[in-house]
Amino acid sequence: MRKIIHIDMDAFYVSVEIRDNPRLINQPVAVGGQPNTRSVLSTCNYIAREFGVRSAMPASVAMRKCPNLIIVPGRMDVYKSISTHLRQIFERYTDIIEPLSLDEAYLDVTHCKLFNGSATLIAEDIRLAIFEELNLTASAGIAPIKYLAKVASDLNKPNGQYVIPPQKVLSFITDMSLSKIPGVGKVTFEKLKACGLEFGQDVRQVDKKELINKFGKLGISLWQKCQGIDNREIKTTRVRKSVGVERTFADDISDIEKLNLFMHEKLIPELKKRSKGYLSDREISKLGVKVKFKDFHQTTKEFKHHNFDDSIFNTLLDQALCRGQGKAVRLLGVHIGLGEEANNQTQFEFELEFD
Ligand SMILES: [Mg+2]
């Protein structure tokens, strides 16, 4: 059973602006372009929301709804640096972090030992750290599966959190409006409602095949989500820079031929196997050999190259061994550097969206 926390800053951009400009306190405030332009608002505070102002609303419409609305321009550089700080806070609890935007992320805290592993207390502590260090508030959702954590973070917003414990997952879904599911937009929800599907329990009562016939991929996803199934891993974006394989020998080896043979027969084939998954959308940027000598002195030789090449590995091994001036070797490793991702497309969280 996993423990997922979804952290979402409250009215992020606009909260930052109010924090940095006391004149804006207790006023309806939005971040966006000026009303005489065609621009839309990126976000607004809760006071403005009471007047019916919403994000993505044209500034001119917003001004009509709320004539006292103060619209300030955004400062992306400030938001980005806060986002970096948020990331540093998250990393104190886990390194399984999936940012969804500058102010929102999934954290897998299944293995976090703090607070006796209580995800509820961990989320509270994260929100406290955010408040103390950044003077901003965040909301959190805690659940054993991803999408429910996101649904939950909205329930006690702003500055609150909501827990869906494992034993309550199914009952929570039963009464949950399908419109809450991330990716089910207005149009999709209307289509579902037209088929008599409004709450989680409605989906659970229909036949899976029927659902798939009617809604295709969306049907599968909806069916799974309403059964409480969401096996998507937290997609950490920390990009791997290299893949390597190394072995420490039981007895130190000084025979160069032996080392060379071991590298070609054991290490390189293993490296090829392990790097396969990464090379489907990334390219090799360099080849490398690492040697640790019996006195623990260690050296690495690398060469920029874009394919596996036995002769380059040979040369690198020779050069590395040269540095040891005949000392026996206790560890030998080979690695490749991984270049840029060929496919730089953003993964969309809203996989259900078709409106
Ligand atoms: Mg937010």
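Me: What joins strand 1 to strand 7, and how do the two run, parallel or antiparallel?

Reply: In this predicted model, 6 bridges join strand 1 (residues 4–9) to strand 7 (residues 138–143). The two run antiparallel. Strands pair if DSSP finds at least two bridges between them, so with 6 bridges strand 1 and strand 7 count as paired.

Me: What do the numbering and the values rest on?

Reply: Residues are numbered from 1 along each chain as its sequence is written, and side-chain values use heavy atoms, without hydrogens or water. As the model is predicted, local features need pLDDT of at least 70 and side-chain atom pairs count only at pLDDT 80 or more, while totals for chains, interfaces and linings use all residues. The elements are DSSP runs numbered from the N terminus: helices are H or I with at least four residues, strands are E with at least two.

Me: How many bridges join strand 5 to strand 6?

Reply: There are 4 bridges between strand 5 (residues 97–101) and strand 6, which run antiparallel. Ile97 has Leu107 of strand 6 as its bridge partner. A hairpin links the two strands through 2 residues.

Me: What order do the strands take in the sheet of 3 strands?

Reply: The order is 3-2-4, in an open sheet with mixed pairing. Strand 3 (41–44) and strand 4 (70–72) are at the edges, each pairing on one side only. The twist averages 30° from one strand to the next. Helix 1 (residues 12–20) packs on this sheet and touches strand 2, strand 3 and strand 4. Within the sheet, strand 2 (residues 29–32) and strand 4 run parallel, joined by 3 bridges. Val31 stands opposite Val72 there.

Me: Why is helix 1 described as it is relative to helix 4, and at what angle do they cross?

Reply: Their axes come within 11 Å and cross at roughly 100°. Helix 1 is therefore roughly perpendicular to helix 4. The cut-offs: under 35 degrees is roughly parallel, over 145 roughly antiparallel, 65 to 115 roughly perpendicular, the rest oblique. Axes are lines fitted to C-alpha atoms, for helices over the stretch in contact, and angles run from 0 to 180 degrees between N-to-C directions.

Me: What angle and axis distance go with the packing of helix 4 and helix 5?

Reply: Helix 4 (residues 76–90) and helix 5 (residues 119–134) pack at about 140°, with axes 10 Å apart. That makes the pair oblique. Helix 4 passes helix 5 in a right-handed crossing. Right-handed means the near helix is turned clockwise from the far one by less than a right angle, left-handed anticlockwise.

Me: Which residues make the contact of helix 4 with helix 5?

Reply: Helix 4 gives Ile82, His85, Leu86, Ile89 and Phe90, and helix 5 gives Ile126, Ala129, Ile130, Glu133 and Leu134. By class they are 8 nonpolar, 1 polar and 1 charged. Nonpolar covers Ala, Val, Leu, Ile, Met, Phe, Trp, Tyr, Cys and Pro; charged covers Asp, Glu, Lys and Arg; the others, Gly among them, are polar. His85 is therefore the polar one, and Glu133 the charged one.

Me: Why are helix 12 and helix 13 classed as they are?

Reply: Their packing angle is about 130°, with axes 11 Å apart. Helix 12 and helix 13 are therefore oblique to each other. The crossing is right-handed. Contact residues include Ile256 and Leu259 of helix 12 and Phe313 of helix 13. The contact divides into 8 nonpolar, 3 polar and 2 charged residues.

Me: What is the peptide bond from Lys157 to Pro158?

Reply: It is cis, with omega near -5°. Pro158 sits in the loop between helix 6 (146–153) and strand 8 (161–163).

Me: What is the phi of Asn116?

Reply: Its phi is positive, about 50°, although Asn116 is not a glycine. Asn116 lies in the loop between strand 6 (104–108) and helix 5.

Key. Contact means heavy atoms within 4.5 Å.
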